[in-house]
Every structure is written in C-alpha cells, then in structure tokens.
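Morning, everyone. Let's get the structure up on the screen and walk through it.

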Amino acid sequence: MVEFTTEGLEALSKAIAIVGTGFASAWAEKVIGAAAIGAMVENESLFGKALVLTVLPETIVIFGLVVAILI
Amino acid sequence: MSYPKRMTKCLVAGHKKHLEAAVDSLHEAELLHVEDFVDGDNPDFEIGMPMQYGEEVSRKLVKIRSISNILNVKPTNGTVKLPESDVSKELDAKLEQMDSEIDRNTQEMSRLDTRVKDIEAAQKELLPFLAHDLDLKYFGGYDNIAVFSGTVSSFNESRLLEITDAYQLFTDSGSKFFVLFVSKKHEKGVQTFLADSGYRETRAPNKSGNPSDIYAALDVEKSEIHAQIEALIAERSTLNEKYGNFILAGDEFLSILSEKAELPLRIATSEHTFVIEGWVPTSNYDGFVAALSEKTGNGVYITTLEVDMHDNKEIAKIPVEYENSKFASPMEAVVDLYSRPKYNEIDPSSLIAISFPLVYGMILGDIGYALVLMTLAFLVMKFIKSDSVKKLMYVLIYCQISALFFGIIYGEFMGFPLAGYVYYGEYFPGLIPGLETIVYDYALFYGEPFTFPIHRSHLIMTFLAVTATFGFLHLNIGYIVGFFDVKGQHGLMHAVLEKLSWIVIEIGVIAAIIAWYLGLGTVGIAVGAVIAVIGVGMLTKGEGIKGPIELPGLLGNILSYTRIIAVGLSSIYIASTVNDIAFGGLIWTPADGFSVLMFVSILVFVLGHSLNTVLSIIAPGLHALRLQYVEFFGKFYASGGKAYKPFGHLKKYIMEE
C-alpha cells in the first residue's frame, strides 16, 4: 500500500512544476532555435533578433521555478 | 541618455573636371556617408561612369588577391606600414616579379598533384591483384585460354567441375577475388556459370611484371613527389615572408583606388556636372567644407539640405553613428548585436552600460570567478588588438567589477561561503576562519533574516521579491525612456497615452493592493481600481486593442527578472556540488591525510570549477543580456537604424606621407 505524505506530495508537485515547464521551454527553444539558425545562415546580422526569439520561452521554466519555490 | 550623433545632409556638386579631385579629397576626409543615387529619381541626371583607371585597378586587384590566396597571406604578415608612394611606384614591377615566380610554382604544383592522383588510381587498380601476385603479362594474349578475373558472391567449384576440369583457379577467401584460366572451348559455359554466381569483372591493368613490384615502385615515386611538393610549399612560405607585407599594402592601395574609381556609380551625373548627396556629422561639417574647398581649389559647390523630420522615410535614410561617453561606448557593441538605434530615438548604450553589468553581477556574485574572468579579459586585451574584441572585453570587465562587488556582498569565493553561518541549528564553517555571518533582526519573510554576507541560498523568498521589484523598476525606466522617445517623435499627447498609461495602471494596481493590505475596505480598493481602469483606457486610446492584450505580459516580464536569483542559485549549487564531490568524502577529505586520492580530488575540483567558470560567463551573460534585449528594450526601443559608413578607408598597411 502506498502512503502519501504531505512532504512527498509537495516534493512531487515541485518536480512536476519544474519538469513540465523545463520540457516546455526546451521544446519551444528547439523549434525556434532551429529556425533562428536557418535565418542567421541567410543573414548574419540577425544574431541579436534570433537570440531574443530563441530565449523568449526560457521564461516558462522561470515561472515553473517560482511556482516550485512557492509550493 | 543620449541621441545618436547629429547629421547634416549635404550636397557636393561641381564640374566633371573636378570630379577626380573631389573624390580624392572626400576619400581622404572620410566623413561623407554617400547616399546612393537611384537612376530615375531625377530625369536630368543619370548614374556616372567609373573612372578610367578603374578597369586596370580591378585587373591588378584580382591578380594580387589570387597571389595572396596562393601564398596564404594573413593580416599578421603586415608587420610594417609601407609608404604610399613606394607602393604606388613598385607595384607594377613587383606584381610582374611575383607573378612569374608564383606561376612556375603553381604549374609545377598542379603537375605533381595530377601525377599523385594518377599514381593513386593505378595503385587502386592493382590492389586486388596483390593477393595472388601473378605476373600481369599472364592475363592476356592467349589463343586457347580465356582469363576471368573479378569477384563473385560465392564460388561453387563443383559446378565448375561439371563444365570442365581443364582450368586453373586462384581464389582469395578474404576479398572474394579470383582469377580463373580455362580453355577457350568452355568459355561460354563458364561465362554462364559465373553470371549466375554474381560475377563482377575486374580487368587486369595492361602492364607486365608482378603487381607487388609495380605497387612498390609507384610508392617510391609517390614519396619522391611528396618531397617535391613539400619543397614547393616551403618555397611558397619563403615567398610569403618575402612579399607578404607588400601584398597587404598593395591590396590596400588598389582597394582604395578601386573604391575611388567606383564612386561615380553611386552618384548623379549630367553631361558636364556631378552631384553627390550624403551625410556628414554636424560637428564635423565646417571642417569638412573647408578641407574639400581647399583640396579642390574651390572647384566644388557644397551646401546643406533641409531634412523633413516628420517624414519617417526621410529619417530612415539618415545614417546612425553612436555618440557616447568613453564609459558607455563599449556597450555599443552590445546594442549593435541587437540592432542600431533609429536616428530619432534615444541610444540605450549608456542605460545598459549600468543595468547590464548590474544584472550580471547580481547573478554571478562570486569574488573568485570575477577575479578569474577579469584577469582573462585583461590578458585577452593585452594580446588581441582588434577593436571589436577590445570593446567586448571592456564589457566583460564592467561585468566583473559588478560581480566582484556582489561577490563581497554575498561573501562567496568559487562557490564557497567566506563566512561561517548557522542554519537550522547546524554550524557551517566559512572559508576564512573566524569570519562569522552577522544576522540582523529584520526579515522580509518569516525564517529569512537579513545577514551580512548575504547567503543567497537561505534567502530565496526574499530574493524572489527583491529581484521582481528590481525588474519592476527597470521596466519602468524603460517606460520613462519610451515616454521621452515618443514625446520627441510624435508629441506629448502620444507619449502620455502610449507610455505613461502603463505607469498609471501600475499606480492603480499598487494603490488597490495597499488599500487591501491596510484593510481600507472597498472604497480604497475601488479608488485603485478606477485609476487602473483609467490607465487601461488611456492605453487603449494610445496603442489600440493591442495595448490591453499586452497587459498580462507585464506580469510575465516582472517575474522574468526572478531568473536573477534562479540562475545565480544554479551556479552556487554547481559550485558547491563540485566541492562536495571533491572534498566531501566521496573521494577524499582533508581528514584522510596525504594520499594519491588527494590528486584525484584536486583534479575533480579543477575540472568542475573550470566548467562552472565557463558556464559563469555564458549563463549570467546570456540571461543578463536577455533581460536587456527582451524585457527592457521591449518597453521603448524600436531600433533598425542604418550604420554610418563614411566614404574612405582606414589605412592599415600603408602610410601617408
């Protein structure tokens, strides 16, 4: 019989918050990053804009972290 | 806060006989950003023809660049600056001389290359025949014997015996290569048998002698040729040393001539006159006019042109040159990485010269890493002279000064706490014996009293609040800058509606929260709410429906600043994990005394911290940059200006007299 403790559930919730948002960030950055590299091959001066677009989804995992800390 | 350098639009016109003198002095002045003339803009003018000497210059330029390519001339070959007159005088003779010396070398080289390829092809052909090493003369020239050589997928000798027993077979189990001699009588039958077995013919080379002897002879020839090629390469490097410096100077001399020769292609000309339009920094305008008039003997007419500062198309044409203090100018590289400011907007270099290192320092905040990276930056500056690298190193140094400052506040050295502290009753010693953390009697959150030095990992909630507040302030600086930008471009009304409205909304929300917190009741909250609604109304009027849609984004932007603590913590945890693995008892602890394992521990320590140092440049740098680019710039910065590129040439390898 599995017993659920408050601490255990808390830890699990934190893990889910981090894993879910981390995965979401990674997935989004993967898609954008590939497109950004493609654009930069065409025009190198797009580096700044490409960087901005690629790091946009990073915020998702920061939200996850904030939520995990607040739990 | 400053605007880009002010530019004056000017027009240089004159008789065509003065064109060459005008182009020469424009090139020397290196101030005029030429605006290209577009054919059809004005029916009385057309694009000019390149100068007559242009064709010859291009021809020589192609030649000198091909020589430079063959000799592998690098910028490092430019050891001394050569006088311009010498380069001009000697160019033709030297080109001739270099050409003849290199021509012989390249021809010989290509002959040898071809021979090596031939040899390699011949050796490849011989390869299968090496196994049996039968003299190649036996593979042909018979009246009554047929020869088959090649590979089959599987050789069934019993089926061959059914056809004939008059044969001689050589097989090689490894490569499935075989040679078969049969009587001509049975040639047809054997052919059918082989075709069924998946036969692929490999013809013997038309030579005589043992394959292994031929192969070895070819090997000898190949190594002789390689020696000759080496000699030719050595000759090239001698030539490189002899001519490298001159080639660079000659290339530059010819490039300058070519630029001058081609300028007429960018300007308007009529039958007898030429007109050049362009931009000169306003502060240099008087000097520019004086220099040009003097050099051309007053042969050209120069005047300023009016610019309509309400016409966005016209503004977009104005080239943008930064004008910053010495302190902020390294940041131009960071702004350029994003995009240059427009002519009529505030250049954010001086703003991020403060906020970028500040955020970086808050994230990294480690005395050890700051010192390592600062030393690295100084070393790079000492050994690499490139201007763009220097600028980036200055940025790195600013960041490290800030990281050092926060390192002292956080009391961290390479991930170790400097001062000892008590956490939940347990005592953790610091790196400096006797230095203890001072605990103050004040806390923002329960269980997180302020301390000095501040231990980040024990003040997480406090830091979340502090970093979010920092973000809130930073973003509002963005709105205020945006307010002045819009005010300058479209007037006060637009500025209030588009930018001030955000601040009104914030005030409303904060008022409501304070009223709720202080228990002022519904009236207090309602006052705040009304202010916020007024703000939203203003925003909708200013930005349209897209304004309110962006509202929740503001919260996201503020929370995004909590990465300052998040990334900082990750760096601490990596560092302290490395310390735990190295000296925490997994491998070795100082209590174990001297042993071989101590060196393993030290190796882990050095490798782990090297990794963290590299991450410490990349992670805080990228995250600090991102907060400037995405969150901060997003509030005011339009960007997209055109870089100011004056007509002229920085002389690197030739010297003016």
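How many helices and strands does chain A have? Three helices and zero strands. Keep in mind that this is a predicted model.

Chain A first. Along the sequence the pattern is α-α-α. Now the overall dimensions. The C-alpha trace of chain A spans about 60 × 25 × 10 Å along its principal axes. The radius of gyration of chain A is 17 Å, whereas a compact globule of 71 residues would have one near 11 Å. Burial next. Of the 71 residues in chain A, 21% count as buried. Then the contacts within chain A. Take those between residues at least 6 apart in sequence: 70% of them join residues at least 24 apart.

On to chain B. The division gives domain 1, residues 141-203, and domain 2, residues 463-560. How many Å separate the centres of domain 1 and domain 2 of chain B? Taken over C-alpha atoms, 91 Å.

Look at the sheet in chain B. This is an open sheet of four strands, in the order β6-β7-β5-β8, and the pairing is antiparallel. β6 (167-172) and β8 (200-201) of chain B stand at the edges. Each has a single partner strand, so one side of each is left without a neighbour in the sheet. Now β5 and β7 of chain B. Strand β5 covers residues 145-151, strand β7 covers residues 177-183, and the two pair over seven bridges in the antiparallel sense.

Next, helix α9 of chain B, residues 331-338. Which residues are buried there? B:Met331, B:Glu332, B:Val334, B:Val335 and B:Tyr338. Seen down the axis of α9(B), these buried residues fall within an arc of 160 degrees, so they line one face of the helix. As background, an α-helix has 3.6 residues a turn, so residues three or four places apart point the same way.

Last, the contact between the chains. Chain B puts in 15 residues and chain A puts in 13 residues. Which elements give two or more residues to the side of chain B that touches chain A? They are α9, α13 (460-490), α17 (551-560), α18 (563-583) and α19 (596-632) of chain B. α19(B) gives the most to that side, with four residues. By class, the side of chain B that touches chain A has nine nonpolar, four polar and two charged residues.

That's the tour. Over to you for questions.

Definitions and conventions:
Residues numbered from 1 in each chain as written. Chains lettered and ligands numbered in written order. Predicted model: local features only at pLDDT ≥ 70, side-chain atom pairs only at ≥ 80, totals over all residues. Buried ≥ 20, exposed ≤ 12 C-beta atoms within 10 Å, placed from the backbone. Arc of directions from axis to C-beta. Rg over C-alpha atoms; globule rule 2.2 N^0.38 Å. Contact = placed C-beta atoms within 7 Å. Domains from an automatic or database assignment. Nonpolar A, V, L, I, M, F, W, Y, C, P; charged D, E, K, R; others polar. Pairing = 2+ DSSP bridges.
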